[in-house]
Amino acid sequence: MRKLKNILIIVIIEIPLFILAIPFMIVIIPIGYLRRIKFEKKYAVFLNENNGKNFFCYNNRKDSKQYLKETILPHLNDEIDIVYLDGNKIESDHNSNFISEALFGLKNYNKFPHLMKIRNGKLIDKSINNPFYNVLNMNKSKTELLNTINVFFELNKIKNVT
């Protein structure tokens, strides 16, 4: 009896609703597809126009945010742009839609902080979560962390940070 009732609900309610939704899907799906293609073209232009850019990305995680702001960020090379994620809000000097796309497509994501660089129209990324927390929690060398960052970005190494 219960099985028959479920079948009737499907036939009487769900199938007509699906049939009514088909015209909307016929319109909406191609529009979404065309918007995505247009965005991907603009994103490719963004990558080409920002070739050589370097990004240091961090988020609002309580145990690291303040330490990063006070101890690490002041020692970063001027050629490194900062990207801060405050929840879902992106704070950056660059278009937040493109930065969001870059973050969504991270290939080597393993939590923040994260490094991204644009070379030859491609985004290359690396997580420095483990080395950073070694500095934060185990008092490892900040200089070593900063040199890891600079090596990834192909920048000059630094001598010593206290």
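Colleague: Is Asn150 buried or exposed, and what is its relative accessible area?
Modeller: This is a predicted model, in which local features need pLDDT of at least 70 and side-chain atom pairs count only at pLDDT 80 or more, while totals for chains, interfaces and linings use all residues. Residues are numbered from 1 along each chain as its sequence is written, and side-chain values use heavy atoms, with hydrogens and water left out. Asn150 is found in helix 5, where helices (H or I, at least four residues) and strands (E, at least two) are DSSP runs numbered from the N terminus. Buried means under 20% relative accessible area, exposed over 50% and partly exposed in between, with a 1.4 Å probe and protein chains only, so Asn150 is buried, its relative accessible area being 4%.

Colleague: Which residues is Asn150 in contact with, leaving aside its neighbours within four places in sequence?
Modeller: Contact here means heavy atoms within 4.5 Å. With the neighbours within four places in sequence left aside, the residues in contact with Asn150 are Asn77, Ile80, Leu155, Asn156, Lys157 and Ile158.

Colleague: Within what arc do the buried residues of helix 4 fall, seen down its axis?
Modeller: In helix 4, which covers residues 129–138, the buried residues are Asn129, Phe132, Tyr133, Val135 and Leu136. The arc is that of the directions from the helix axis to the C-beta atoms. These buried residues line one face of helix 4, because, seen down the axis, they fall within an arc of 155°.

Colleague: At what angle do helix 2 and helix 4 pack?
Modeller: Two packed helices are described by the angle between their axes and the distance between the axes; the axes are lines fitted to C-alpha atoms, for helices over the stretch in contact, and angles run from 0 to 180 degrees between N-to-C directions. Asp63, Ser64, Tyr67, Leu68 and Ile72 of helix 2 make the contact with Phe132, Tyr133, Val135 and Leu136 of helix 4. Angles under 35 degrees count as roughly parallel, over 145 as roughly antiparallel, 65 to 115 as roughly perpendicular and the rest as oblique, so these two helices are roughly perpendicular to each other. Their axes are 11 Å apart, and the packing angle is about 90°.

Colleague: Which residues of helix 2 and helix 5 make their contact?
Modeller: The axes of helix 2 and helix 5 come within 12 Å and cross at roughly 85°, so this pair, too, is roughly perpendicular. Helix 2 gives Tyr67, Thr71 and Ile72 to the contact, and helix 5 gives Lys142, Leu145 and Leu146.

Colleague: How do the residues of the contact of helix 1 with helix 3 divide?
Modeller: Helix 1 (residues 2–49) and helix 3 have axes that come within 10 Å and cross at roughly 95°, which makes them roughly perpendicular. In the classes used, Ala, Val, Leu, Ile, Met, Phe, Trp, Tyr, Cys and Pro count as nonpolar, Asp, Glu, Lys and Arg as charged, and the others, Gly among them, as polar. The contact residues include Phe39 and Tyr43 of helix 1 and Phe98 and Ala102 of helix 3, and the division is six nonpolar, one polar and three charged.

Colleague: Which residues does Ala102 touch, not counting residues up to four places away in sequence?
Modeller: Ala102 is found in helix 3 and is buried, with a relative accessible area of 3%. Apart from residues up to four places away in sequence, Ala102 touches Tyr43, Met116 and Leu123.

Colleague: Which residues have the most contacts inside the largest nonpolar core?
Modeller: A nonpolar core is a set of buried Ala, Val, Leu, Ile, Met, Phe, Trp, Tyr and Cys residues joined through side-chain atoms within 4.5 Å. The largest one has 20 residues, and those with the most contacts inside it are Phe56, Leu76 and Ile149.

Colleague: Which residues does a cis peptide bond join, and what is omega?
Modeller: Most residues other than glycine have a negative phi, and most peptide bonds are trans. Pro113 lies in the loop between helix 3 (96–104) and strand 4 (114–119). The cis peptide bond joins Phe112 and Pro113, with omega about 0°.

Colleague: What positive phi does Asn120 have, although it is not a glycine?
Modeller: Asn120 sits in the loop between strand 4 and strand 5, and this residue is exposed, with a relative accessible area of 72%. Although Asn120 is not a glycine, its phi is positive, at about 50°.
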